Amino acid sequence: MFFYILKRILATIPVMVIVAIFVFLLLRLTPGDPAAILAGDAATPAQLERIRDSLGLNDPLLVQFGTWMGQLLRGDLGTSLLSNTSVAGMIGDRLGPTLNIALMTIVISVALAVPMGVIAAWRHRSWVDFLVMSFSVLGFSVPVFVIGYILIQIFAIDLKWVPVQGYKSPTDGIGPFFSRAILPSLTLATIYIALIARMTRASMLEVLGEDYIRTARAKGVRENVVLFRHALRNAAVPILTIIGTGFALLISGVVVTESVFNIPGIGRLTVDAILARDYPVIQAMILLTAGIYVTVNLLIDISYSFFDPRIRY
């Protein structure tokens with residue numbers, strides 16, 4: 001077990017190095033000049049040149065990359081070209097809202113989708129199965145911003161149960177936080193419920209046809225024990241993969257939902273940085289996204305060992 005985990009951790013190092021090289025070259029070789037954005041339309045060539053020198057953009061690419069990697073190894077993500085503030089501080093300010101919305105979305109999705117998928121597989125080809133699969137198709141088909149505006153119209157404008165937009169931290173009180181986080185979480189959860197329920201159903205259908213399930217039923221084991229203790233555990237690997245990937249995507253920032261509900265999260269920060277060609281922020285955000293995906297996949301791989309008896313070394 002220890003060596004398996006160690007091997008998976010060591011495998012993440014070259015992945016992150018390759019991502020860092022790719023991100024650096026991609027941003028430096030694409031058209032666009034941050035100096036021109038900082039200086040404005042009325043800047044003279046001499047002013048642009050001075051700004052490039054101050055930012056180090058005139059240095060050779062190898063020198064720029066070495067400087068950036070040195071900063072990363074020291075834990076310094078750099079300074080924003082536009083706001084002249086710490087990139088780490090900017091990400092820290094935006095990470096809280098995104099993380100809280102992601103956690104609430106995943107909790108809602110798993111709590112509803114897994115039982116839906118299990119029951120749909122148990123009642124295969126019944127009206128229950130038909131309803132679950134219809135909801136899955138609908139969840140995949142309707143754009144997320146449409147779902148968001150429908151929820152706003154019903155619960156915020158018509159019923160006036162919750163505010164239309166905005167975000168409050170849990171430190172401001174559970175009530176204000178929940179009232180502003182529930183609609184964006186439900187909006188995102190619609191897609192993930194559809195995805196997780198569909199995957200749970202497919203995995204359960206495969207497992208329910210196995211011999212040991214028929215043996216358990218023949219011995220008189222209760223049906224809920226068969227479904228949730230025996231079948232679901234053996235069907236859990238692909239379900240965990242979907243849940244982990246979805247959580248990584250949510251933490252990376254969901255731009256449309258954050259825009260609809262006016263949430264100051266990671267997604268909006270990334271879009272603003274791309275539009276302004278703020279190199280340090282863009283680099284940090286892509287590295288953060290890659291790091292999140294690598295970490296989540298590492299945790300998923302480790303969790304496999306609890307479900308796959310072949311991994312015990």
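First, the basis of the talk. The model is predicted, so local features need pLDDT of at least 70 and side-chain atom pairs count only at pLDDT 80 or more, while totals for chains, interfaces and linings use all residues. Residues are numbered from 1 along each chain as its sequence is written, and side-chain values use heavy atoms, with hydrogens and water left out.

Let me begin with the fold. The protein chain has 14 helices and 0 strands; here helices are DSSP runs of H or I with at least four residues, strands are runs of E with at least two, and both are numbered from the N terminus. The C-alpha trace spans about 85 × 55 × 35 Å along its principal axes. The chain has 313 residues, and 41% of them count as buried. Buried means under 20% relative accessible area, exposed means over 50%, and partly exposed lies in between, with a 1.4 Å probe and protein chains only.

One residue illustrates the middle class. Thr-44 sits in the loop between helix 2 (34-39) and helix 3 (45-55). Why does Thr-44 count as partly exposed? The reason is its relative accessibility, which is 36%. Thr-44 also gives a sense of distance: from its C-alpha to that of Gly-139 is 53 Å in space, and the two residues are 95 apart in sequence.

I turn now to the empty spaces. Rolling a probe the size of a water molecule over the atoms shows where empty space is left. On a 1 Å grid over the protein atoms alone, a cavity is a set of points where a 1.4 Å probe fits but cannot get out; a pocket is an open set with protein on both sides within 12 Å along at least five of seven lines; and lining residues have an atom within 4 Å of a point. Grid points are joined across faces, edges and corners, and a volume is the space filled by probe spheres set on the points.

The largest pocket has a volume of about 370 Å³. Its lining has 18 residues, and those nearest the centre are Arg-28, Leu-55, Thr-67, Gln-71 and Pro-280. Which elements each supply at least two residues of this lining? They are helix 3, helix 4 (61-73) and helix 14 (279-304), and helix 4 gives the most, with 4 residues. By class, this lining has 7 nonpolar, 8 polar and 3 charged residues. In this scheme Ala, Val, Leu, Ile, Met, Phe, Trp, Tyr, Cys and Pro are nonpolar, Asp, Glu, Lys and Arg are charged, and the others, Gly among them, are polar.

The second largest pocket holds about 220 Å³ of space. Among the residues that line this pocket are Ile-108, Phe-135, Gly-139, Val-142, Leu-186 and Ile-193. Two or more residues of the lining come from each of helix 6 (127-141), helix 7 (144-158) and helix 8 (174-208). Helix 8 provides the largest share, 4 residues. The lining has 10 nonpolar and 2 polar residues, and no charged ones.

How many cavities of 30 Å³ or more does the structure hold? There are 2. The largest cavity contains about 60 Å³ of space, and its lining includes Pro-97, Ile-101, Leu-188, Val-254 and Glu-258. Helix 5 gives the most to this lining, with 4 residues. By class, the lining has 7 nonpolar, 2 polar and 1 charged residues. The second largest cavity contains about 40 Å³, and Pro-163, Gln-165, Arg-180 and Phe-261 are among its lining residues.

I close with the helix pairs. Two packed helices are described by the angle between their axes and the distance between the axes. Axes are lines fitted to C-alpha atoms, for helices over the stretch in contact, and angles run from 0 to 180 degrees between N-to-C directions.

Helix 6 and helix 8 pack at about 135°, with axes 8 Å apart. Helix 6 is therefore oblique to helix 8. Helix 5 and helix 10 (residues 223-234) pack at about 115°, with axes 12 Å apart. Helix 5 is therefore roughly perpendicular to helix 10. Angles under 35 degrees count as roughly parallel, over 145 as roughly antiparallel, 65 to 115 as roughly perpendicular and the rest as oblique.
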